[in-house]
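Please look through the chain shown below and follow the report that goes with it.

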Amino acid sequence: MPNHPRAGKPAEPADLIDVPKVISRYYTEHPDPGRAGQGVSFGTSGHRGSSLRTAFNEDHIAATSQAIVEYRREQGTTGPIFLGRDTHALSEPAMITALEVFAANDVTVLIDSRDGYTPTPALSHAILTHNRSARAKADGVVVTPSHNPPDDGGFKYNPPDGGPAGTDATGWIQDRANALIAAGLKDVRRVTAAAARASESVQGYDYLATYVDDLPSVVDIDAIRDAGVRIGADPLGGASVAYWGAIAERHRLDLTVVNPLVDPRFGFMTLDWDGKIRMDCSSPYAMASLIERKDAFQIATGNDADADRHGIVTPDGGLMNPNHYLAVAIAYLYASRDGWPSSAGVGKTLVSSSMIDRVAADLGRRLDEVPVGFKWFVPGLLDGSIGFGGEESAGASFLRRDGNPWSTDKDGLLLDLLAAEILAVTGKTPSERYRELTARFGEPAYARIDAPATPAEKAILAKLSPSQVTASSLAGEEITAVLTTAPANGAAIGGLKVVTGSGWFAARPSGTEDVYKIYAESFQGPEHLARIQEEAKAVVSAALSG
């Protein structure tokens, strides 16, 4: 699709949401879970939707919170629930609803003691910190739609392993929540907001200090300080806003919070490629204002609204492609972290760049290739069998310097700080380091495009078998692998990946539109990439018709 004519330009008054309308609809609209788009639907990062479309309303959150109470009871999870929120307009109302339900069910809830916002990685870090020594295991909920537009809300469950919940958990919670809504919420226990806040079960937890004080255990803060790296951090109006100021003060870094404003309309943003306000720190359009200031800092960074994604801007390279930075981070970390297990592999999703494959092979490290979704990295980060897990959508986390787990969810602040460490230790920006990798391993061309597909075709694509692919070559090269399950764990990838000696494509159905997504890469350049993309459509069409 073509870019919007105002992509990358500042938002105007007509682009901004009506906050009172968004919040009032949260309370006044009542969903029918039998109607398309109105039920609770847990994707890879929880339930998301807009109150204006009756997709994220009080009924959804009351039912989902009750379902989480019942699920954790079934699982024997008896510790506290860590509860945090981001800066979206619907996050505060949804957090209050959750508090009312959790308190009524006598669940201990730990909310931010500063009444501030909580990044997703700080909540994951809190769960793991608690569970290291406590017998009664904790879990958590983050109220966030991540980088989604301002009128959206989101509600995400993290079990005691600290990471995004798997499909067994989310499927159970989703089905139970929809059943509760269909029954008129009669089995939802709830007290008033005032009663919840006065309850002994609602307690404070200092997310910010616990996270910020612990950073030297995972990043070489001393090296960043000693080198005097000049950092500009843009929270994009999200939950990391107070964290960056605290990081600068606590660790005495030369760090400027580029935009300290919090506005639920996100009126300071530049428009994304489609003309929408979206806090996507991997988008050059959403990050346009920070890119303009790239020469003012040695490293400039961005985060989405819940700070689980990272964006890296350098004076010499501008905004780095997320795939490029993942490869640089992996090359640096496995060469510098002496405390990591020698057996720790490299985790990547199937649609991430094959540059990572080449870097891992050069390091002599096992490559663990998993389906799309950060949840697949959780077991490896928890037991140390992988040192780093990352996905092409700018989400990653890695182990502490001693090889123990730091967070099992994506951590945008951590990856931002790592960029400063790389510069401090090597004297080169991450973009300079990536050019060194391309000089050694070749320069890949990577892109994602969409192709039309009916709902029936999308359902077939999600369940293809390798035998349904009859092609023997792709863009002039012999096909060496046809994958419908992930090499690392045998899990279904919900689509198809076809690999040759110097390129590949992966096709996956969209969860929200009548299209399928084609991810493709070539180490022979843009023209060869275009051939792969065209032939990929033919390969998929033949498999679907067959």
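## Overall fold

In this predicted model, residues 24 or more positions apart account for 70% of those contacts in the chain that have a separation of 6 or more. The chain is built from 17 helices and 23 strands, and its C-alpha trace spans about 65 × 60 × 50 Å along the principal axes. A compact globule of 546 residues would have a radius of gyration near 24 Å, and because the chain has 23 Å, the value agrees with that expectation.

## Burial, surface and charge

Of the 546 residues of the chain, 59% count as buried.

## Aromatic pairs

The structure holds 15 aromatic pairs. One of them joins Tyr211 and Tyr243 in an edge-to-face arrangement, with 5.9 Å from centre to centre and 70 degrees between the planes. Since Tyr211 belongs to helix α7 (residues 207-214) and Tyr243 to helix α9 (residues 241-251), the pair ties together parts that are 32 residues apart in sequence. Both Tyr211 and Tyr243 are buried.

Another pair is formed by Trp340 and Phe398, whose ring centres are 6.4 Å apart and whose planes stand at 45 degrees, so the pair counts as tilted. Trp340 is placed in the loop between α11 (322-336) and β13 (345-349), whereas Phe398 lies in strand β16 (residues 395-398), and therefore this pair ties together parts that are 58 residues apart in sequence. Trp340 and Phe398 are both buried. These two residues also take part in a cluster in which ring pairs link Tyr334, Trp340, Phe388 and Phe398.

## Helix α7 and its surroundings

Helix α7, which contains Tyr211, is mostly covered, with six of its eight residues buried. The buried residues of α7 are Tyr207, Leu208, Ala209, Tyr211, Val212 and Asp214, a set that includes the acidic residue Asp214.

Which elements are among those that cover the buried residues of α7? The cover includes the strands β3 (81-85), β4 (109-112) and β7 (202-205), together with the helices α4 (120-131), α9 and α14 (412-426).

## Two positive phi angles

Most residues other than glycine have a negative phi. Asp106 has a phi near 60 degrees, a positive value in a residue other than glycine, and the residue lies in the loop between α3 (91-104) and β4. Because its relative accessibility is 63%, Asp106 counts as exposed.

Phe266 likewise has a positive phi, near 55 degrees, and is also a residue other than glycine.

Methods. Residues numbered from 1 in each chain as written. Predicted model: local features only at pLDDT ≥ 70, side-chain atom pairs only at ≥ 80, totals over all residues. Heavy atoms only, no water. Helix = DSSP H or I, 4+ residues; strand = E, 2+ residues; numbered from the N terminus. Rg over C-alpha atoms; globule rule 2.2 N^0.38 Å. Buried < 20%, exposed > 50% of the residue type's maximum accessible area, 1.4 Å probe, protein only. Contact = heavy atoms within 4.5 Å. Phe/Tyr/Trp six-rings, centres within 6.5 Å; stacked < 30°, edge-to-face > 60°.
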